[in-house]
Amino acid sequence: MTRFVFVTGGVVSSLGKGIASASLGAILEARGLRVSLVKLDPYINVDPGTMSPFQHGEVFVTRDGAETDLDLGHYERYVRYTATRNSNFTTGRIYERVIAKERRGDYLGATVQVIPHITDEIKRCIKLGAGEVDVCMVEIGGTVGDIESLPFLEAIRQMGVELGRNNVAFMHLTLVPVVGGGEIKTKPTQHSVKELRGIGIQPDVLLCRCRDPLPDEQRRKIALFTNVEERAVISAIDADDIYRIPILLHEQGLDDIIIDKLRLSAPATDLAEWRAVITAKHASEASVNIAMVGKYVQIRDSYISLNEALTHAGLRTRTRVKIHYVESTDIEQTGTGCLAGMDAILVPGGFGDRGIEGKIQAVRYARERRIPYLGICLGMQVACIEFARDVLGLEGANSTEFNRATPDPVIALITEWRDLGGETLRRDERSDLGGTMRLGAQPAKVERDSLAHQIYGRDVISERHRHRFEFNNNYLDRMRDRGFRFSAFSEDGLVEIVELPSHPWFVAVQYHPEFTSTPRDGHPLFASFVRAARQHRISDLPRAVSA
């Protein structure tokens, strides 16, 4: 029987429930248990796919093509499991399902209400997402006391009763602030637990987010006023490395507490892989400066998987990776001077036309100065546009996403350039059709004598996508003739990887490799990119010294 650990939060949001859940999952997995994780989000959007990165941060894409909360990225980086569309449910998705059932007549004329119909659907979705594992961590978004979170909290309260308290554990994350002259305040945690108990949930474990480990006096006080065992009052301190958190929680006995509560039998914890990750991070042999030229750089969560993938590459290559965030609109206004001294340039994905010309300038800077370049999704598309403009002389080349009247749509919807049923659609007709996203993991065949094949070491790869627009294959031959290489294609002939053989390291991909990078395994594309950055730094040193 699958046991459940429900993770809630109080006092304030963004305390790190996702990393706490993932870290507990990592420890339990290190004890030989099969683990899965589910995220419940209280917002009414069906999924975060249409939400602005400035509001929500990154949209993580699962292997089966679901657009989900960024916490699922944490889950996959910490635990060796693959999230699916059933790993993330929102209020909007729950209500959508219940309303669809009501329209079909599934409720046989009953009055549809939050209790039992909404809560029953939440419980059904939790069990669906859990699968056949030993322990499933279920994270509830938002904070206790939020109106929109109440149906989720009621649902997990009911599961605690229905499954029995030995099959369910409640872990509550709170804030223990330090005010004034360093005085530790436990009252916010007391009030948060009081709020939780008021709706019928007694936490078994408290994770107290704090700057330093809680003194024994404060731990005893919190335990006394919240009816939680003193040993189960855990200090969730501000760690210098998020991958150290599983070790820190294990050292305080969190896994023993959960295993005892759920009456599980498990071998001793083996955190050797996580200790190796920490050791590698402090064993760097060199450092590189990488410019990330993006459109949402003010919000670091917008590129969280990408940031972590570069960190993982640093671990694999024993390199300290320093990321310099560059707003692409700044390049449009002030030029590429901000890229001087960079060892490599990365242009990530994005939507909309803001900052596009700045990204194109960054590509040209990398291509002409022979600086290692990695383009991801939109970063591949602007690389194609830049080459078409500057090398082929197609000055008006663009994507129809940014300019529907472009004379040379190097990037466009498939329906705008591929012959479908004997007729190629005109660009002014696409508004009625819409553009469907290409989402999730899809295979691609890699040409054997390419840099891409050297990097991956495989003939066929599978990577996750999230985009609408594709390279226009009508321009393949012209760009090939001028030295632009297309080194991987999807099964239906869509461009997946491009590179410049005349360049030291210039690779751009249509997919998002960052979604499958982990601290323990890394990702070959990012590792190769960081190695290229190191090589560029070495080769550039004599010139820098002479200058």
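Is Asp255 buried or exposed? Asp255 is buried, with a relative accessible area of 0%. The legends below begin with the whole chain and then turn to close-up views. The model is predicted.

**View 1. The whole protein chain in the predicted model.** The chain has 20 helices and 23 strands. Its C-alpha atoms fill a box of roughly 75 × 70 × 45 Å along the principal axes. A compact globule of 547 residues would have a radius of gyration near 24 Å, and the chain, at 25 Å, agrees with that. Of the 547 residues, 57% count as buried. Among contacts with a separation of 6 or more, 73% are between residues 24 or more positions apart.

**View 2. Asp255 and its contacts.** Asp255 lies in helix α10, which covers residues 254-261. Its relative accessible area is 0%, under the 20% cut-off, so Asp255 counts as buried. What does Asp255 touch, leaving aside its neighbours within four places in sequence? The contacts are Ile27, Leu28, Arg31, His250 and Thr269.

**View 3. The aromatic pair of Phe6 and Phe170.** The chain's count of aromatic pairs comes to twelve. In the pair of Phe6 and Phe170, the ring centres are 5.6 Å apart and the planes meet at 25 degrees, so the pair is stacked. This pair links distant parts of the chain. Phe6 sits in strand β1 (residues 3-9) and Phe170 in strand β7 (residues 168-175), 164 residues apart. Phe6 is buried, with a relative accessible area of 0%. Phe170 also counts as buried, at 5% relative accessibility.

**View 4. An edge-to-face pair, Phe484 with Phe486.** The ring centres lie 5.4 Å apart, with 70 degrees between the planes. Both Phe484 and Phe486 are buried. Which residues do ring pairs link into a cluster? The cluster holds Phe387, Phe471, Phe484 and Phe486.

**View 5. The largest cavity.** The structure holds one cavity of 30 Å³ or more. About 40 Å³ of space lies in the largest cavity. Its lining is made up of Thr8, Gly9, Ile140, Gly141, Gly142, Thr143, Val144, Ser149 and Leu153. These lining residues divide into three nonpolar and six polar, with no charged residue.

**View 6. The second largest pocket.** This pocket has a volume of about 470 Å³. It is lined by 27 residues. Which of these lie nearest the pocket's centre? They are Pro53, Val59, Gly350, Phe351 and Arg466. The lining comprises 13 nonpolar, eight polar and six charged residues.

**View 7. The cis peptide bond from Ile115 to Pro116.** Omega of this bond is near 15 degrees. Pro116 lies in helix α5, residues 114-130. Most peptide bonds are trans.

**View 8. Positive phi at Val11 and at Leu108.** Most residues other than glycine have a negative phi. Val11 has a positive phi of about 75 degrees although it is not a glycine. Val11 is found in the loop between β1 and α1 (17-29). At 36% relative accessibility, Val11 counts as partly exposed. Phi of Leu108 is near 55 degrees, again a positive value in a residue other than glycine. Leu108 is in the loop between α4 (91-104) and α5. Is Leu108 buried or exposed? Leu108 is exposed, with a relative accessible area of 78%.

**View 9. Leu394 and its surroundings.** Leu394 is found in the loop between α15 (378-390) and β16 (397-399). The relative accessibility of Leu394 is 15%, under the 20% cut-off, so Leu394 counts as buried. Which residues does Leu394 touch, not counting those up to four places away in sequence? Leu394 touches Ala388, Arg389, Asp408, Tyr475 and Arg478. Leu394 and Pro407 are 13 residues apart in sequence. In space, their C-alpha atoms are 8.7 Å apart.

Note on methods: Residues are numbered from 1 along each chain as its sequence is written. This is a predicted model: local features need pLDDT of at least 70, side-chain atom pairs count only at pLDDT 80 or more; totals for chains, interfaces and linings use all residues. Side-chain values use heavy atoms; hydrogens and water are left out. On a 1 Å grid over the protein atoms alone, a cavity is a set of points where a 1.4 Å probe fits but cannot get out, and a pocket is an open set with protein on both sides within 12 Å along at least five of seven lines; lining residues have an atom within 4 Å of a point. Grid points are joined across faces, edges and corners, and a volume is the space filled by probe spheres set on the points. Ala, Val, Leu, Ile, Met, Phe, Trp, Tyr, Cys and Pro count as nonpolar, Asp, Glu, Lys and Arg as charged, and the others, Gly among them, as polar. Rings of Phe, Tyr and Trp (its six-membered ring) pair if their centres lie within 6.5 Å; planes under 30 degrees apart count as stacked, over 60 as edge-to-face and the rest as tilted. Helices (H or I, at least four residues) and strands (E, at least two) are DSSP runs, numbered from the N terminus. Buried means under 20% relative accessible area, exposed over 50%, partly exposed in between (1.4 Å probe, protein chains only). The radius of gyration is taken over C-alpha atoms; the globule rule is 2.2 Å times the number of residues to the power 0.38. Contact means heavy atoms within 4.5 Å.
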